[in-house]
Amino acid sequence: MARVLVLFAHPAQRPTSINLSMARRAEQVAGVTFVDIYAEYPRFDIDVEREQKRLIDHDVIVFQFPLFWYSTPALLKQWQDLVLEYGFAHGPHGKKLAGKLAIACITTAGSVQDYSCDGGNKHPFSAFILPLRQTVELCGMTFLPPFVLHAANHTDSHSARTHIESYPLLLGALRDATLDVGELGRRDQVTAADLAALVDQQGVD
């Protein structure tokens, strides 16, 4: 059984937030460590040693956040800057995270079409998460395709509920190593519908 760490970063949590509903479901998944980094570090005073120990103690790292101005929220970026330091996460003697899996679970305000060369953002979604992907891969981890809900503020209630309910399914499958990582790796991103099909293939309840 893999040890899963969820790092939740959302600076503007609202009761109606899909991201917050996902977080509440993640907290209930057995065997998953859930950390709300904005709650733990409201003054951005990150305990680097504690965060590094958390990373070492887990096999799968989940970054959960809403896309803010085409990037991660500020505290998660600072977390990366301080925690993933040279000599720990990268460099000739910094390979302590090598071999772990990482996945980003992201909501966006823009639609799928917005994240295209012809859309409002003028670039595909993959371009905006490239810094996170490159960071993860520099640390020797495998970056799985992100679990994404586009247009989260405008989606219908059924789609929102399906995405929220699929999130603990994803975490459980990562914990139990019942997802085909090779198949996942052939996708640019994963939606709730994609995940349901992948999990069904593996026979996960």
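Let's start with phenylalanine 44, which is partly exposed at a relative accessible area of 30%. For this talk, buried means under 20% relative accessible area, exposed means over 50%, and partly exposed is in between, with a 1.4 Å probe and protein chains only.

A quick word on the source: this is a predicted model, where local features need pLDDT of at least 70, side-chain atom pairs count only at pLDDT 80 or more, and totals for chains, interfaces and linings use all residues. Residues are numbered from 1 along each chain as its sequence is written, and side-chain values use heavy atoms, leaving out hydrogens and water.

Now, the aromatic pairs. Rings of Phe, Tyr and Trp (its six-membered ring) pair if their centres lie within 6.5 Å; planes under 30 degrees apart are stacked, over 60 edge-to-face, and the rest tilted. That rule gives eight aromatic pairs. Tyrosine 38 counts as buried, at 14% relative accessibility.

Next, tyrosine 115 and phenylalanine 128 are also edge-to-face, with 5.6 Å between centres and 80 degrees between planes. Tyrosine 115 is buried at 10% relative accessibility, and phenylalanine 128 is buried at 15%.

Last, isoleucine 37. Which residues is isoleucine 37 in contact with, leaving aside neighbours within four places in sequence? They are Leu7, Phe8, Ala9, Leu75 and Leu76, where contact means heavy atoms within 4.5 Å. Thanks, everyone!
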